[in-house]
Amino acid sequence: MDYVQAIVDGLLFGAVYALIGIGFTLIFGVMNKINMAYAAASFAGAYVSLGIAQVVGLSGDFGLPPFVMFLVSAVAGGVFAYIVYLICFRFTPDHYELASLMATIGTLLMVDEMVVQATNGEPQNYPEVLQGIFDNPMLEFSEEFAIRGDLLTLFIVAVIATLGLLWVLFRTKLGLATRAVAQQRMAAQLCGIRVDRTNATTFVIAGVLGGLAGAMIGAVVGTLLQSLVVIPLTIKGLIVTVIGGLGSIPGAIVGGLMVGAFENVFLAIRGVTERDMYVMLLLFVFLAFRPQGLFGRVAVRD
Amino acid sequence: MIVKRFYLFAGAAAVALTGVSGTALAQKFDREVHIAGFGAKSGVVRSFGVNTEGMMRAAADKINAGGGIKLGDGKMGKVVVTFYDDRCRAEEGISVIRRIASGKFVVAVGPTCSNVAEPLFGILQKTVDDKSDSGLQFPIFTDTAIKGGLAKISAWAFRNVPNETEMYKNLFAWVKKKWPNLKTVYGGVEEDFAHSRFTWYKVMDKQAKAAGFKVLGRAKWLLADTNFTTQVRAMKKAKADIISISSHPFTLCGLLKEMRRQRVKYKVLIGLTSSSSMETLQGCARQAKGIIIPTSFAPVTAAAKEASAGGAKYKASADLHSAAAWENMMVLKQVMESKGVMAKAGTIQADRRKIRDGLAALKNTQGLIGSIKRHKSGEATKPFVYVHAQGKEWKILHDPNK
Amino acid sequence: MLEIKTLSKHFGGVRAVDELDFTVRQGEIFGLIGPNGSGKSTTVNLVTGIFPPTAGEIIFDGRDITTAQPHVTLDAGIARTFQNIRLFNNMTVWENLWVAQNSAEDKKATNLLSRWMGGSRKAKSQVEEYLEFSALADKRDELAGNLAFGEQRRLEVARALAAKPKMVLLDEPAAGMNREEVRALDERLRALKARGITVLLVEHVMELVMEVTDRIAVLNFGQKIAEGTPSEIQNNQAVKDAYLGTSGD
Amino acid sequence: MDFYFGMLQIVGLHTILGLSAYIILLTGQVSMAQAGFMSIGAYIAGMLTVLAEMHLIPAMLIGGVAAALVACIVGFPALRVKGLMLVVATIAFGEFIRIFWFNFDYQISRGGVKLGPEGGEGFKQIRFFPENGWSTLDVAIFIWVVAGAVIAAVWWMDRSRAGKVLRAVGEDDLAAQSAGINLTVVKVSAFTAGGFIAGLGGSVYAHYTTHIEHLNFDIVMATFAIIYPILGGLSNVFGTILAVIFVQVFLLEVLRPLGDLRNLLFGAMIIVVMNFMPHGLFSAQVASRIKGVFSGRKEGANA
């Protein structure tokens, strides 16, 4: 029963990794590049929503209703993502992927330091709005088995957000253009699709998702602490992306949940100090035996 | 083109630099006594550096307002504080201390991180007058880096940090006496931070056992963890009377929240000295209610209140770490005056030696909440009180000295 | 010299090359033609080991190189050029040739250390000869990326030569060239033949193919539809249909 | 004066670190595992001088070789993944090594004092330099002898055919392979050489700081390793050295009085350089121009 509990806890928390992984994979799918600043910018979105909440809702326990906070965070996430696109991708050379990689690392460091400056590096309380949905923060099924209500909510919202994303990608014209650019950049260009604009849109979509994720993580954890959390989350997000298959959204989701469950089981078995070592090993197993990941395409000819 | 751009950039920086260092000498003082502070003013633990710097400046203001430091030749010296950022990285800390040692500074107060202090003390000369040891000869008087036993690394290193072994020894004995029917302890430790890890394994665990408690186990997590479900589940199963947590406020709050969610029952909750800060109360006042922490600072005396108010002017909050910076400045004034520091350009190495010897010779110093005993090793035993979280503030629970 | 036996390559459901057979004889210039997407470049990539075939065999000089990696096929004596020129653009012309001296013969002539350091003096002097051959002697210190298009094509052929191949595979060397440049290419191809190097020429420019090749194989949809001398091919109905696009239906 | 010698030491150490990434970058691979390789050298050399009481120089060489061996093993799977996948794989590998040291406990007791690495608390008292009476200047000279040797070796390698082979692979690995270059040998060699240099650097680093712990070798250190050669441009070793001087001396030390703003500047600078000079401050074009000035030749029409 212990391990079942560990797996379920891990799966639920894995939704966080999945959300971050989707952001990486979306951008990778369209631009074939990594945006290392993704998680940082997403959390910055959550900080903006917190800042607004602190200014607007001075009295009591934050005056803003939860969905407004999430909305603000999502919008801010989108704006930040667009800025990241401008400073790291729009004007760096297309064929030289190192340039945008380094620029996003620079952005990651800078965003991090900006948040440190704004908050003195101290953790900021984020209203635990998701907990309010359930009377009891834990859904206890038995003495042995219980689920965190807010994590379950996060999980459900993550699933809904992902379905929404898939709908955008597969049922709208915008999504069509995005997929066209992802698959055949040149051909898409010839069909009159403006690649720059599509890229920017993808960034904004990923950023909106990231802002939402940042706010939800804040709400679940109860605190925002950029400089400690973002780099580990970025690493996990990248691992999830690779395990799921670069560019594959279902892959990022399954990969995220899988990594979440896997690490929690190893936490239970081997303890926290070794936990991440096994996550890395899982990645190496994938790289060795299935480098294209769970749902990745096999390399096709150019 | 590129070269030209580079010159422009360098030129701008040079201008910025000269602007920073050119401070005018006030009329009534004859010379300046330069004291360096250093610590993390960027990165995760920026608040440490901000608080230490503020308290040092406030203390310098107080000293200067009282006429400054009386130098060896009867002239008066003005205390000038310069603070350097080391980002809590060992390498940068070493550069900073080398920079300070090559400058006009007679002594340094810092660093704020134990993981910087350890390598830093390592590059100092181990024993005085050991010609074969080429380590740096520069006195450091640490205020914040608290991990146990560091000052014995070098004879040039002194610390005015609470002795956690004493504190927890005392605390566990007191708990045993006060609630004699409590038998068991469950620990919690943030594994990857030098201080919290040391304090669990080398202090809390040992002292709890020494006081006659049975340690049932410990929950472990990392500084960047946000999910504690599995750890808390094990903690709940153990059903310990006392839960003793060695971690910083960031994860302390996460853990306490999870404990509340899972309705972990306990009789007494004990925390790490560093958690007796405002961050804990801001983060999780409700969940932390009643947590008992020994601390070497609380605004209980007039002197302590004055220091708090002084620091507030520089946006620094006085806590058990930064209050020590204030105390250090006062101790340094006393040492410099008694040893007759000259603060002239040519006497700098001699001044440093005088300060080191002065610090080493001290048996007792006056702290903000009582008398501090100084040890040969360079460590101190500071008076402490037990505080517990009540609503939005820390209240004194018990004063072991009374 | 080069025997292709029932060679197939499938990409997912696409049969890029489908049970292909042909043989290139020693010393000849063999043309491989076909409409766009007929599998010519895939064939070159299979022969040079860029990817392994789905089925079939490739025998070169009596040696089975079906699954050999590119550097092994080069070791066996096959060098190549690329359809979209792939030079080392940030290296000079001379350096481009210097790094390409990886023939089995060169490897044998010097020990590992001196090969990594710079190769033998003789090998270096041969670089000069390839420069002469490709009329690039005066550009030797130019970065390859800064060369004109025609020069880059010539440099690619020179780089192939630097590996002392028994056979070169030229993937559309005349693409984008004007009439005059094509004529110069024609001459250089004959010069290659004169040196005893077998040539497999994949080409679109019919003039050149018909002029210079000894024999030709024609591909369509990954299959060979004809093989023969230039004049035979010119009169082949299936080839005409393929090029006019009638056989596809 | 000590301060300047200390600066020299830091610049030397980071130059070694930067060059270890430089060699691997030449083959077009981005290794974010350099901090990990460095930690192997650091821990092993530290254990040899502290626990086995060996002299630093053999300890350093052994540390370098150990790091090279591990790097060589990493090099093989690294062949299977390219480009950005390799970035992720090497980040993961670097973290793996770091977490290994986090869990690594091996202490012996000597004269009542426990020595050796102690898991999360790190490895303290690596005091070879002060115990043997080396002054700051001596240490600076020693570091620069090592750094100088590394610079000379990499510079010489860069000019030799080996350097061109690495560059050929970096520019177009398919073309390089088709020109007869064995990618496995070249890429794995580059990783091994990079690992050896990082291991050397780490060995000296451990003795420089006297106390190491797993957090010293985190992703920030790994980022530094690749930032130097990329900022400096990959045209030759001097770009990397210039970048180290720029970052360590100017950005970190000269600007230290700016305090908290430095790190903002650091991030901003990377972004600016990557936008305006994506091939580094000292790119192939600039390098060939400078070369032209020195050899008195006129610039080529296209240069």
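Me: What makes the side chains of C:D75 and C:K107 a salt bridge?

Reply: Their N to O distance is 3.6 Å. The rule asks for a side-chain nitrogen of Lys or Arg within 4 Å of a carboxyl oxygen of Asp or Glu, so the pair qualifies. C:D75 sits in helix α2 of chain C and C:K107 in helix α4 (residues 104-109), so the bridge ties together parts 32 residues apart in sequence. Helices here are DSSP runs of H or I of at least four residues, strands are runs of E of at least two, and both are numbered from the N terminus. This is a predicted model: local features need pLDDT of at least 70, side-chain atom pairs count only at pLDDT 80 or more, and totals for chains, interfaces and linings use all residues. Residues are numbered from 1 along each chain as its sequence is written, chains are lettered from A and ligands numbered from 1 in the order in which they are written, and side-chain values use heavy atoms, without hydrogens and water.

Me: Why is C:D75 called partly exposed?

Reply: Its relative accessibility is 27%. Buried means under 20% relative accessible area, exposed over 50%, and partly exposed in between (1.4 Å probe, protein chains only). C:D75 therefore falls in the middle class. C:K107, at 32%, is partly exposed as well.

Me: What makes C:E95 and D:K164 a salt bridge?

Reply: The side chains meet at 3.1 Å, N to O. The bridge crosses between chains, from C:E95 in helix α3 of chain C to D:K164 in helix α7 (residues 161-171) of chain D. C:E95 has 16% relative accessibility, so the class is buried. D:K164 is buried too, at 12%.

Me: How many salt bridges does the rule find across the interface of chain C and chain D?

Reply: The rule gives 2. Another pair on record between these chains is D:D172 with C:R86, at 2.7 Å, N to O. On the chain C side, α2 (70-76), α3 (93-98) and α5 (112-117) each supply at least two residues that touch chain D.

Me: How much area is buried between chain C and chain D?

Reply: About 2,500 Å², with 60% from carbon and sulfur atoms. C:H71, C:F88 and C:W116 supply 26% of what chain C buries against chain D, more than any other three residues. Buried area is the accessible area (1.4 Å probe) that two parts lose on being put together, summed over both.

Me: How do you know which of the 5 pairs of chains in contact share the most contacts?

Reply: Contact means heavy atoms within 4.5 Å. By that count chains B and D share the most. The contact takes 46 residues from chain B and 50 from chain D. Together they bury about 4,000 Å², 54% of it on carbon and sulfur atoms. B:E91, B:R98 and B:R99 lose the most area in chain B, together 16% of what that side buries. Chains B and C, by contrast, do not touch: their nearest C-alpha atoms are 20 Å apart.

Me: What makes B:K147 and D:E121 a salt bridge?

Reply: The closest N and O atoms are 3.8 Å apart. The interface of chain B and chain D has 10 salt bridges by the rule.

Me: Why is B:T230 called buried?

Reply: The relative accessible area of B:T230 is 16%, so B:T230 is buried. B:T230 lies in helix α7 (residues 229-238) of chain B. Leaving out residues up to four places away in sequence, B:T230 touches A:D9, A:N264, A:L267 and A:A268.

Me: How do you know that helix α6 of chain D reaches close to the expected length?

Reply: The expected span is 1.5 Å times one less than the number of residues. Helix α6 (residues 136-159) has 24 residues and reaches 34 Å from first C-alpha to last, close to the 34 Å expected. Its buried residues include D:F142, D:I143 and D:M157.
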